[in-house]
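Please read the points below with the coordinates open.

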Amino acid sequence: LVGGTPLEAGRSRRRADAYDKGGIKESIKNGEAGFIVPAGNEDMFIENIISLLRDPAQAESRGKSARKHVQEVFSDARAREGLMAAWQDAATANSMI
């Protein structure tokens with residue numbers, strides 16, 4: 001399961017920062033579109049956010065990277081391609097039975 005909040009942030013040209021839990025790491029390009037921090041490392045999480053508050057240009061750049069990542073990896077077209085490939089694989093497997 002992919003984390004939805006980072007995807008929404010990326011679509012809005014906003015970076016996302018999160019702990020490394022669940023599907024979050026799939027939806028954030030760590031270091032480019034936001035930060036993924038080891039679960040429970042609050043000091044690192046806070047420092048990453050403060051660094052971007054001090055450097056708005058870097059925050060904006062990460063937001064642009066986040067949008068590009070979401071468009072490339074989680075686009076509707078890519079989802080359709082994946083679904084069609086899964087259907088074709090299932091149909092092929094079923095015809096072999």
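Predicted model: local features only at pLDDT ≥ 70, side-chain atom pairs only at ≥ 80, totals over all residues.

1. Helix H1 passes helix H4 in a left-handed crossing, a crossing being left-handed if the near helix is turned anticlockwise from the far one by less than a right angle, and right-handed if clockwise. The axes of H1 (residues 4-11) and H4 (residues 56-73) come within 7 Å and cross at roughly 115 degrees, where axes are lines fitted to C-alpha atoms, for helices over the stretch in contact, and angles run from 0 to 180 degrees between N-to-C directions. That angle makes H1 roughly perpendicular to H4 (under 35 degrees counts as roughly parallel, over 145 as roughly antiparallel, 65 to 115 as roughly perpendicular and the rest as oblique). Helices (H or I, at least four residues) and strands (E, at least two) are DSSP runs, numbered from the N terminus.

2. On the H1 side the contact is made by Leu7, Gly10 and Arg11, and on the H4 side by Gly63, Ala66, Arg67 and Val70, with contact meaning heavy atoms within 4.5 Å. These residues divide into 3 nonpolar, 2 polar and 2 charged; Ala, Val, Leu, Ile, Met, Phe, Trp, Tyr, Cys and Pro count as nonpolar, Asp, Glu, Lys and Arg as charged, and the others, Gly among them, as polar.

3. Residues are numbered from 1 along each chain as its sequence is written, and side-chain values use heavy atoms, with hydrogens and water left out.

4. Helix H4 also meets H3: their axes come within 5 Å and cross at roughly 110 degrees, which makes H3 roughly perpendicular to H4. Ser51, Leu52, Leu53 and Arg54 of H3 make this contact with Pro56, Gln58, Ala59 and Arg62 of H4, and by class the contact has 4 nonpolar, 2 polar and 2 charged residues.

5. How many aromatic pairs does the structure hold? There is 1 aromatic pair, formed by Tyr19 and Phe45, and it is stacked, at 4.9 Å centre to centre with 25 degrees between the planes. Rings of Phe, Tyr and Trp (its six-membered ring) pair if their centres lie within 6.5 Å, and planes under 30 degrees apart count as stacked, over 60 as edge-to-face and the rest as tilted. Because Tyr19 lies in strand E1 (residues 16-19) and Phe45 in helix H3 (residues 42-54), the pair ties together parts that are 26 residues apart in sequence. Tyr19 is partly exposed at a relative accessible area of 28%, whereas Phe45 is buried at 18% (buried is under 20% relative accessible area, exposed over 50%, partly exposed in between, with a 1.4 Å probe and protein chains only).

6. Phe35, in strand E2 (residues 34-37), is buried at 13% relative accessibility. Not counting residues up to four places away in sequence, Phe35 touches Ala16, Asp17, Ala18, Ile28, Asn30, Asn48, Ser51, Leu52 and Arg62. The C-alpha atoms of Phe35 and Ala16 are separated by 6.8 Å, although these residues are 19 residues apart along the chain.

7. His69 is found in helix H4 and is buried, with a relative accessible area of 12%. With residues up to four places away in sequence not counted, His69 touches Glu26, Ser27, Ile28, Lys29 and Phe74.
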